Amino acid sequence: MFTVSSALTDLDLHLFNEGTHGRLYRKLGAHSINPRPDSGVRFAIWAPAAESVSVIGSFNQWKPNVHPLSAKGSSGIWEGTAEKAQKGDLYKFHVVPRGGVARFDKTDPFSFFTEQPPKTASIIWNLDYSWGDGEWMHGRGERTTRSKPVSIYEVHLGSWKRVAGEGHRSLSYREAAAQLSDYVKDTGFTHVEFLPLMEHPFFGSWGYQTTGYFAPSSYYGTPQDLMFLIDTLHRNGIGVILDWVPSHFPTDPHSLGEFDGTHLYEHADPRQGVHPDWNSYVFNYGRHEVRSFLLSSAIFWLDLYHADGLRVDAVASMLYRDYSRKDGEWIPHPTGGREDTDAIDFLRRLNETVYQEYPDVQMIAEESTAWPAVSHPTNTGGLGFGYKWDMGWMNDTLRYFSQDPVHRKHHHPKLTFRQLYSHSENFVLPLSHDEVTHGKGSLLGKMPGDDWQKFANLRLLLAWQFAQPGKKLLFMGGEIGQRSEWNHDGSIEWPLLQHAPHAGIGKWVRDLNRIYVTSPALHALDCDPAGFEWIECNDASSSVLAFLRRSADPGETVLAAFNFTPVVRTSFRVGVPFEGAWQETLNSDSTLYGGSGHGNMGQVTAMALPSHGRPFSVVLALPPLAAIFLSAPVPEHAPVR
């Protein structure tokens, strides 16, 4: 039983103080002494600057003198036992700072469960659960490797779907399990990525103001309820990525800030310790015990919740001391640089530890700058992540698509520039929640033109994303062409699916996922330059682009062609490497998706007429504001390039 914990050993203290303890959740916090429910609970907490610490709770009428904790040598850890405490009891730590008159009650940083906000007490809990995802766990390492298709559906659980007639409340973890699994299977995504499900006091922070680094959000149920949700997704062949926030934490008085009367988890100097964008505390990555805390949090979600990966939020804000700060508002490194070497060392140690212990998961960085080698191994100077979000692709692409088609020829490099760096990292191409909030409008709302053109442009945008090298991520609502900007207090606009244009977007996303997953040419070499080859990238005047995607097998080749204007181009010749019939496998202008029905009647034939430096060519009909995918004939010999 996990919650039965042995006492802290000298080795635990050594690893904790060294910054390398990755299993603190087995030692600190609240743990049953033995399997009997009435045997009492052992408490342990780190508060080195405290004069005294006691545990208070519903089992002792919240009186601070009933269950005092004892200092464990000079480790800074306090521990003790409450014989009458049991599962379900509420508790906090009553901290008296050394030499001070102030005293305060703190939520347990290692608690497994807490009261639902705005209440703030920790709850004594166990993490027993009978998992049924053995088949998934045994083979999951094959599902997120660079040669496999990874198509991520990003979800904010609280606003994915609401319950009508019950105050429009969010679905619980258990209520969402079957509905979300069925929906994701139907739409063809391979993974779900949840915005942070760790406990957070302010619902409007979407989980990014984390207070419970070892507790799932009680908004949606118990720890076992979240395990059931993840278990259900796994049983349905769907991976789970959890958003995780080691970059900052909120200043709520019950939480980590000034935990023992000193700046324990955060830097004391606000030029390092307060994040100007979010008015939150910044972790002190140079403090070894803080590194152990964060390392243990990451391992915790992989270990006990079977997460298949962590998306690490706001990595850029960790790497730079001057991130979002003006001159005079930050402290340079002692050597004069702007890099935060403590944070860099922590990230490298984090990734090394995770991949050593869980080689079948992925660590994904949200990193928005040109920091080199984010997804390269640490032994070659990289940060050690498995993937990095390509924020440059996202920004350039959305800026291009916001242009009226008549002006797009002047912005052509925004689409072609990426191939200069597209294989410098292992990329995920994100169309995430950040692009559909704070006044940015929905994806559909960003598209220019009348309603028909908006939908055509959105289908074209999604085709461009799925054809590009890199793994895919789409935030909920984008797959049905939601009209309104995302509102965390509402729900996806599901009734829109009653209307043909929105249903067409849904069908288009299903078919994009299907061909992406089933065609090795579109995913096997996502992270290898050999998987991409330009055919036409210079025709800015026509706003047309065409390229090949390849797999390691010469017979697996897909031609993707894009027309970014509403002008039908009936005789557009492009060079191809193979002779014979090329099958038109997808056409975003099909009437099935709400298009006008222009296309190539299912196939085109490549003739021995050289073009674009290739020995053969095809003549394509390029529909308006549309993309077409064509599969190559199986060659009898190696391809000619």
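Two strands pair if DSSP finds at least two bridges between them. By that rule, strand β6 pairs with strand β7 (residues 104-106), since three bridges join them and they run antiparallel. This is a predicted model. The protein chain has 14 helices and 30 strands. Its radius of gyration is 27 Å, close to the 26 Å that the globule rule gives for 641 residues, so the chain is as compact as a globular protein of that length.

**Whole chain**
- The C-alpha atoms fill a box of roughly 90 × 60 × 45 Å along the principal axes.
- Of the 641 residues, 62% are buried.
- Among contacts with a separation of 6 or more, 72% are between residues 24 or more positions apart.
- The accessible surface is about 23,400 Å². Carbon and sulfur atoms account for 52% of that surface.

**Strand β6 and its partners**
- Strand β6 spans residues 90-97, and seven of its eight residues are buried, so β6 is largely enclosed by the rest of the structure.
- Strand β3 (residues 50-57) pairs with β6 in the antiparallel sense over seven bridges. Here isoleucine 56 stands opposite lysine 92 of β6.
- Strand β8 (residues 122-123) is antiparallel to β6 and is joined to it by two bridges. Leucine 90 has isoleucine 123 of β8 as its bridge partner.
- Toward β7, phenylalanine 93 stands opposite lysine 106.
- The hairpin of β6 and β7 has six residues between the strands. In this hairpin, glycine 99 takes a positive phi near 75 degrees.

**The barrel**
- Eight strands form a closed barrel with parallel pairing, in the order β9-β12-β15-β18-β19-β20-β21-β22.
- From one strand to the next, the twist averages 25 degrees.
- Helix α4 (residues 173-187) packs on the sheet and touches β9 (151-155) and β12 (191-194). The direction of α4 makes about 145 degrees with that of β9.
- Valine 312 stands opposite alanine 365 in β19.

**Serine 170**
- Serine 170 lies in strand β11 (residues 169-170).
- The relative accessible area of serine 170 is 15%, under the 20% cut-off, so this residue is buried.
- The side chain of serine 170 reaches the backbone oxygen of glycine 158 at 2.6 Å.
- Leaving aside residues up to four places away in sequence, serine 170 touches Gly158, Lys161, Arg162, Val163, Glu175, Phe203 and Tyr220.

Conventions: Residues are numbered from 1 along each chain as its sequence is written. This is a predicted model: local features need pLDDT of at least 70, side-chain atom pairs count only at pLDDT 80 or more; totals for chains, interfaces and linings use all residues. Side-chain values use heavy atoms; hydrogens and water are left out. Helices (H or I, at least four residues) and strands (E, at least two) are DSSP runs, numbered from the N terminus. Axes are lines fitted to C-alpha atoms, for helices over the stretch in contact, and angles run from 0 to 180 degrees between N-to-C directions. Contact means heavy atoms within 4.5 Å. The radius of gyration is taken over C-alpha atoms; the globule rule is 2.2 Å times the number of residues to the power 0.38. Buried means under 20% relative accessible area, exposed over 50%, partly exposed in between (1.4 Å probe, protein chains only). Accessible areas come from the Shrake-Rupley method with a 1.4 Å probe; for residues, only the protein chains shown count as cover. A polar contact is a pair of N or O atoms within 3.5 Å; within protein, one must be able to donate a hydrogen and the other to accept it, and residues adjacent in sequence count only if both atoms are side-chain atoms.
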